[in-house]
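Hi everyone, thanks for coming.

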Amino acid sequence: MEQRLSWDQYFMAQSHLLALRSTCTRLAVGATIVRDKRIIAGGYNGSIAGGDHCIDHGCYVIDNHCVRTIHAEMNSILQCAKFGVPTAGADIYVTHFPCLQCCKAIIQAGIATVYYAEAYKNHPYAIELFEQAGVRVEQVMHKEISLEFNRAEKAEYIKNLLEEMKQNGTDHERIDKLQAEAGELFGTGAGITAK
Ligand SMILES: [Zn+2]
Ligand SMILES: [Zn+2]
């Protein structure tokens, strides 16, 4: 069995999943707000509810920024505001280091820790403000997680298929090539490339 996912990696994975919902073509960002190991809100960067999407109409760029979208961090904080969920003392997991505007919103929302996966123009003033406000900032490496099921069975199936092809006289060069490809897909240890 693969190593168990840590809480940090689990919440970060959630943010990466949310980023896939982004409607802005410039950068896909996801944010998850967590308190006591419970997800209390999540957001991605996109337009206001019911508004035009960048993916349909192009970005609305002013001064090199897309002004159509609300950032993932803002969206998740505003989700808490909308439904009356306290953010004081909560943690936020973001796929990218927050911009200056989001940094200030995070501080004012009373968020205690910012976990981010990727550095993104880490603004020195944002770093300074986080420090000043006593907000902990920590980088969490995103772990690629696989949600593939029946992997061993699939590998076994391919192995049998290749074996049968060999019996039926498919030339060895072809088999070797397919075997190498399957080995790459399933990784060593799947027993496909053996022999
Ligand atoms: Zn956009
Ligand atoms: Zn932002």
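**A helix pair and a core**

Let's start with handedness: H3 and H4 cross in a left-handed way, meaning that the near helix is turned anticlockwise from the far one by less than a right angle. This is a predicted model, where local features need pLDDT of at least 70, side-chain atom pairs count only at pLDDT 80 or more, and totals for chains, interfaces and linings use all residues. Residues are numbered from 1 along each chain as its sequence is written, with chains lettered from A and ligands numbered from 1 in the order in which they are written.

Helices here are DSSP runs (H or I, at least four residues), as are strands (E, at least two), numbered from the N terminus. The axes of H3 (residues 72–83) and H4 (residues 100–108) come within 9 Å and cross at roughly 25 degrees. The pair is therefore roughly parallel, the term for angles under 35 degrees.

Who touches whom? On the H3 side, Glu73, Met74 and Ile77 meet Cys102, Ala105 and Ile106 of H4; contact needs C-beta atoms, placed from the backbone, within 7 Å.

Now, the core. The largest nonpolar core has 30 residues, and Ile106 is among those with the most contacts inside it, as is Val94. Such a core is a set of buried Ala, Val, Leu, Ile, Met, Phe, Trp, Tyr and Cys residues joined through C-beta atoms within 7 Å; buried means 20 or more other C-beta atoms within 10 Å. H1 gives the largest share, five residues.

Key
Axes are lines fitted to C-alpha atoms, for helices over the stretch in contact, and angles run from 0 to 180 degrees between N-to-C directions. Angles under 35 degrees count as roughly parallel, over 145 as roughly antiparallel, 65 to 115 as roughly perpendicular and the rest as oblique. Two residues are in contact if their C-beta atoms, placed from the backbone, lie within 7 Å. A residue is buried if 20 or more other C-beta atoms lie within 10 Å of its own, exposed if 12 or fewer, and partly exposed in between; C-beta atoms are placed from the backbone.
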